[in-house]
Amino acid sequence: MHFSTIYPDFYADFCCKADKCQHTCCAGWEIDIDPSTVAQYQQLEGALGGKIRQNIVEIDGVWQFRLGEGDRCPFLREDGLCELIRTADESILCDICTNHPRFFVTLGDYELAGVGLSCEKSCELLLADTAPLGFQLENGEKLSLNELLQRLSLPADDEDLCYQAGLTVDDAAFVLDCLQKTEPIDAEWTAQLAQLRSEQFAVGVEVPQVFDRVYQYILYRALEHVPQYGWGTVLSYAQLNADFIYLMYCFTGQLGESIRRWSEQIEYSTENVQILLEALSAGGA
């Protein structure tokens, strides 16, 4: 069955920053290797093939790269570039390294594509425009968010399409209580969350104009969960996470980094996405 693929308006502009990235995706993550690439690596001749085989390990039936100090990929060079690409070319990469941070999920007759926001380049592209988030089909047809939701038979009102500002002290406490339930990605996240909970939230901090796009992208990213959790819960999920990013922004003044850290903790954790969705669903969202 063929699915029509939908792309956010900035998708085509994505390009890895490589050595210019301050938060490399080649450290801090387990890197699973797909079976076809494992087979390629097992047969690869020469010094590179031998070095690869010395630096991969099978854990519970899944092959991974052996991570070094700081959970760095063994082929991440000190200059921030990939030794595999520099020695061979991109065709030698496993699927996850080739595709990251791109994602593809199916919903109805459509494949929803995008780039995850744990990548600083993705955040830069999202924040580069203050216009409402737009989309494009693979045939070049352009859609607004409202038109996209109509295609997916989702009953969107105007207020569903933008971030609802006006966070109160009680709202902020609820948001942080929800985030406290998630499994921390690292000790720094735990410390950041504790600091947020200890600070006095200043009501009325101006919401950046670009924030509607942030909310809209979180909503788009979560559409795949509508069949299981319902439209209302997914809307609440998007608002909750946008509220959290707003809180982070209020305390740090760094919107891009607030989005990126949220993504590492929530967007890239299936478990944490589920924790939040279930909490909101149980609360009658």
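Colleague: What is the handedness of the crossing where α8 passes α12, and what makes it so by the definition?

Modeller: In this predicted model, α8 passes α12 in a left-handed crossing; the term applies because the near helix is turned anticlockwise from the far one by less than a right angle. The two helices pack at an angle of about 115 degrees, and their axes are 12 Å apart.

Colleague: Which residues make the contact between α8 and α12?

Modeller: From α8 come Glu 188, Trp 189 and Gln 192, and from α12 come Arg 261, Trp 262 and Gln 265. Sorted by class, the contact has two nonpolar, two polar and two charged residues.

Colleague: Why is Arg 261 called buried?

Modeller: The relative accessibility of Arg 261 is 4%, and the cut-off for buried is under 20%, so Arg 261 counts as buried. Leaving out residues up to four places away in sequence, Arg 261 touches Ile 185, Asp 186, Glu 188, Trp 189, Gln 192 and Met 248.

Colleague: What makes the pair Arg 260 and Glu 264 a salt bridge?

Modeller: The N to O distance between these side chains is 2.7 Å, and the cut-off is 4 Å between a side-chain nitrogen of Lys or Arg and a carboxyl oxygen of Asp or Glu, so Arg 260 and Glu 264 qualify. Both residues lie in helix α12 (residues 255–267), four residues apart, which is about one turn of the helix, and both are buried. Through shared partners, salt bridges join Asp 186, Glu 257, Arg 260, Arg 261 and Glu 264 into one network.

Colleague: How many salt bridges does a search of the whole structure find, and how do you know that Lys 51 and Glu 83 form one?

Modeller: The search finds eleven. For Lys 51 and Glu 83 the closest N and O atoms are 2.9 Å apart, and since the limit is 4 Å, the pair is called a salt bridge. Lys 51 lies in helix α2 (residues 46–54) and Glu 83 in helix α3 (residues 83–87), so the pair ties together parts that are 32 residues apart in sequence.

Colleague: Is Lys 51 buried, partly exposed or exposed, and what are Asp 177 and Arg 197?

Modeller: Lys 51 has a relative accessible area of 31%, Asp 177 has 37% and Arg 197 has 40%. Buried requires under 20% and exposed over 50%, with partly exposed in between, so Lys 51 is partly exposed, as are Asp 177 and Arg 197. Asp 177 and Arg 197 also form a salt bridge, their closest N and O atoms being 3.1 Å apart. This pair links distant parts of the chain, with Asp 177 in helix α7 (residues 169–180) and Arg 197 in helix α8 (residues 187–198), 20 residues apart.

Colleague: Which members of the largest nonpolar core touch the most other members?

Modeller: Of its 69 residues, they are Tyr 217, Leu 219, Tyr 220, Leu 223, Tyr 237 and Phe 244. Helix α11 (residues 231–252) supplies the largest share of this core, twelve residues. Setting aside neighbours within four places in sequence, Leu 223 is in contact with Leu 107, Leu 112, Leu 149, Leu 152, Leu 154 and Trp 231. Apart from this core lies another, of 16 residues, among them Val 38, Ile 56, Leu 84 and Cys 94.

Methods. Residues numbered from 1 in each chain as written. Predicted model: local features only at pLDDT ≥ 70, side-chain atom pairs only at ≥ 80, totals over all residues. Heavy atoms only, no water. Buried < 20%, exposed > 50% of the residue type's maximum accessible area, 1.4 Å probe, protein only. Axes fitted to C-alpha atoms, helices over the stretch in contact; angles between N-to-C directions. Contact = heavy atoms within 4.5 Å. Nonpolar A, V, L, I, M, F, W, Y, C, P; charged D, E, K, R; others polar. Core = buried A, V, L, I, M, F, W, Y, C linked by side-chain atoms within 4.5 Å.
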